[in-house]
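Trainee: I would like to go through the charged side chains of this model. Can we take them pair by pair?

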Amino acid sequence: MKKISAYYRIIQNLTCMGFFFTLIFAVKSFENAVPDEIYVRAGETVSYDFDVPVSVVLKQDSAEVFEYLTKDSPLTYCVNCRLFGIFPVKDITVMLVEPETVYASGMPVGIYAKTKGVLVIGNGEVERVDGREVKPSENLVKSGDYIVSVNGMAVSEKEDLAAAVNEAGGGKDILGIMRGEEYIEVSLDPVKSVSGKYMLGVWVRDDLAGVGTLTYYKADGTYAALGHAVSDSDTGTIMSIAEGYLYHTDIVGIKKGKSGTPGELSGIIQYGDSTRIGSIMQNTGLGIHGVLNGNLKWLETGECYEVRYKQDIRTGSAFIVSSVSGESKKYEVMVESVDYSGKEENKGILIRVTDPELLALTGGIVQGMSGSPIIQDGKLIGAVTHVLVNDPTRGYGIFIEKML
């Protein structure tokens with residue numbers, strides 16, 4: 001009997017441990033399945049349908065929260081999600097907003113930007129007059145640094161940098177550098193090369209050009225595009241932009257995507273005041289933002305859509321708007337999943353291209369389509385941001401509320 005009792009105790013202990021670990025796993029899983037914040041339109045029912053067994057209560061007085069919001073409601077308040085109505089999972093910040101409408105575009109645009117300072121993309125060797133090869137900037141200047149001054153003289157272009165270094169001759173150069181958000185000064189000795197010029201041994205860049213997609217614009221002329229940052233292709237650094245512009249572009253080629261090799265759009269950017277569409281005011285991890293310049297000759301008129309927030313997005317049919325064929329069209333996609341965790345802000349929506357015409361044209365999602373609006377149930381829900389390299393028919397999108 002003592003042996004049987006011991007076995008029962010072991011089984012009970014194991015069962016309790018199993019329940020405990022299962023509960024922890026469930027809480028962690030549901031925490032990722034519930035967003036940190038949601039936006040709610042005034043006058044609409046609050047929706048907390050996240051496909052997980054949680055109930056929602058006001059954090060202040062624990063009263064059930066499923067009422068209609070009005071303009072008299074507080075601008076923000078906090079609710080608590082509880083697993084099975086018992087175990088606290090996380091708090092959600094609820095923000096009351098006015099209904100918003102924007103014009104969905106999908107038009108390819110040429111992007112040109114000048115860096116704020118001179119971007120370092122790598123270190124290189126300099127051949128001295130005696131034939132030796134040295135790296136004067138190694139371990140002092142890093143990829144991703146922005147050189148903003150030489151010996152107190154501001155530099156904004158590669159030519160400025162080269163001129164300032166040569167003007168100083170063989171003396172020490174004090175470089176003013178922005179490294180992330182930090183300003184530092186670095187002292188190094190330039191090297192006189194076989195060409196007779198003094199060099200630092202750095203590869204640099206001062207501008208960038210490429211093709212992306214305009215997501216939306218508003219009646220006041222503001223716009224957003226891409227859904228992710230304009231980044232340097234060599235360093236992955238988000239470009240610190242001194243000035244930037246959108247231009248009319250003609251798509252002249254499409255490289256279809258295939259497993260392991262993302263496709264891309266090839267375009268001719270028509271630089272000039274007459275083909276400039278707008279200015280870039282901000283370059284963020286959630287897209288580029290700016291103002292259109294009123295040159296409507298090159299702006300395709302988009303349809304006006306109401307914005308839909310993440311808690312209203314469902315899995316199932318949707319479509320994206322794109323002009324990759326030369327004219328604005330709607331292409332069918334499927335929303336496969338929605339990620340509320342916020343761990344990767346521009347990968348909240350997983351979509352799969354199902355439209356036969358787009359699959360035949362591009363193979364799915366290709367580089368240059370970033371920013372293409374995603375529409376579901378007549379509402380704008382997001383924008384395409386990334387393609388899955390191993391499956392070009394599938395990709396990610398950003399919640400439109402993030403871009404707004």
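Trainee: Is Asp-145 buried or exposed?

Mentor: This is a predicted model, in which local features need pLDDT of at least 70, side-chain atom pairs count only at pLDDT 80 or more, and totals for chains, interfaces and linings use all residues. Residues are numbered from 1 along each chain as its sequence is written, and side-chain values use heavy atoms, with hydrogens and water left out. Buried means under 20% relative accessible area, exposed over 50%, and partly exposed in between (1.4 Å probe, protein chains only). Because its relative accessible area is 2%, Asp-145 is buried.

Trainee: Which side chain meets Asp-145 in a salt bridge?

Mentor: A salt bridge here is a side-chain nitrogen of Lys or Arg within 4 Å of a carboxyl oxygen of Asp or Glu. For Asp-145 the N to O distance is 2.7 Å, and the partner is Arg-179.

Trainee: How many residues apart in sequence are the parts that this pair ties together?

Mentor: Helices (H or I, at least four residues) and strands (E, at least two) are DSSP runs, numbered from the N terminus. Asp-145 lies in the loop between strand 7 and strand 8, and Arg-179 in strand 10 (residues 173–179), so the parts tied together are separated in sequence by 34 residues.

Trainee: What is the relative accessible area of Arg-179?

Mentor: Arg-179 falls in the partly exposed class. Its value is 25%.

Trainee: Which residue forms a salt bridge with Glu-37?

Mentor: The closest N and O atoms of the pair are 3.5 Å apart. Glu-37 lies in strand 1 (residues 37–41) and its partner in helix 4 (residues 400–403), so parts 365 residues apart in sequence are tied together.

Trainee: Where is the partner of Lys-330, Glu-303, found?

Mentor: Lys-330 and Glu-303 form a salt bridge with their closest N and O atoms 3.1 Å apart. Lys-330 is partly exposed at 42% relative accessibility, and Glu-303 is partly exposed at 43%. The pair links distant parts of the chain, 27 residues apart, with Lys-330 in strand 22 (residues 329–338) and Glu-303 in strand 20 (residues 303–307).

Trainee: Which residues do salt bridges that share partners join into one network?

Mentor: A search of the whole structure finds 16 salt bridges. Those that share partners join Glu-37, Lys-310, Glu-345, Glu-401 and Lys-402.
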